[in-house]
Amino acid sequence: MEEILGPRLYSCYNCRNHVCLHDDIISKTFQGRTGRAFLFSHAMNVVVGHKEDRHLLTGLHTVADISCSDCGEVLGWKYVKAYDISQKYKEGKFILEKAKIVKENW
């Protein structure tokens, strides 16, 4: 598995299901519901929930919660649409909360 996924990845803190690669981190300076969060370009082994509009720190966005595909734990959200032009780079990206993921193979 390490040869396929690479040596550094993050897993769900609850069940250790692999959910994202360290190499896919765009930024570590985001804020989630429980504190610090990371912005990732991709996520795996997650289920994308229903879309809804939310007022976040950077304005109005359409987002969908993402949950671990194994245990159902909500790990963060996916940006579906950004209404502010300066926030468009987030569309299609994933927020994973630092408290909800653990390092694997470090």
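Q: Which residues does UniProt list for "domain: Yippee"?
A: The unreviewed UniProt entry lists residues 8–105. The model shown here is predicted.

Q: What is the helix and strand content over residues 8–105?
A: That stretch is 0% helix and 61% strand. Its end C-alpha atoms are 5 Å apart.

Q: How many helices and strands does the protein chain have?
A: There is 1 helix, and there are 9 strands. In sequence order the pattern reads α-β-β-β-β-β-β-β-β-β.

Q: How compact is the protein chain for its length?
A: Compare the radius of gyration with the globule rule. For 106 residues the rule gives 13 Å, and the radius of gyration of the protein chain is 13 Å, close to that value, so the chain is as compact as a globular protein of that length. The C-alpha trace spans about 40 × 25 × 25 Å along its principal axes.

Q: What share of contacts joins residues at least 24 apart?
A: Take contacts in the protein chain between residues at least 6 apart in sequence. Of these, 46% join residues at least 24 apart.

Q: What share of the residues counts as buried?
A: Buried means under 20% relative accessible area. By that cut-off, 42% of the 106 residues are buried. The protein chain exposes about 6,000 Å². Carbon and sulfur atoms supply 50% of that area.

Q: How many disulfides are there?
A: A disulfide needs two cysteine sulfur atoms within 2.5 Å. The count here is 0. Cys 15 is in no disulfide, and its nearest cysteine sulfur, that of Cys 68, is 3.5 Å away.

Q: Where is Arg 16 found?
A: Arg 16 lies in the loop between strand 1 (9–12) and strand 2 (18–21). Its relative accessible area is 45%, so Arg 16 is partly exposed.

Q: Where is Asn 45 found?
A: Asn 45 sits in the loop between strand 4 (35–40) and strand 5 (46–56). Asn 45 is partly exposed, with 37% relative accessibility.

Conventions:
Residues are numbered from 1 along each chain as its sequence is written. This is a predicted model: local features need pLDDT of at least 70, side-chain atom pairs count only at pLDDT 80 or more; totals for chains, interfaces and linings use all residues. Side-chain values use heavy atoms; hydrogens and water are left out. UniProt positions are given in the numbering used here, feature names are shortened, and annotations may be inferred rather than shown by experiment. Helices (H or I, at least four residues) and strands (E, at least two) are DSSP runs, numbered from the N terminus. The radius of gyration is taken over C-alpha atoms; the globule rule is 2.2 Å times the number of residues to the power 0.38. Buried means under 20% relative accessible area, exposed over 50%, partly exposed in between (1.4 Å probe, protein chains only). Contact means heavy atoms within 4.5 Å. Accessible areas come from the Shrake-Rupley method with a 1.4 Å probe; for residues, only the protein chains shown count as cover.
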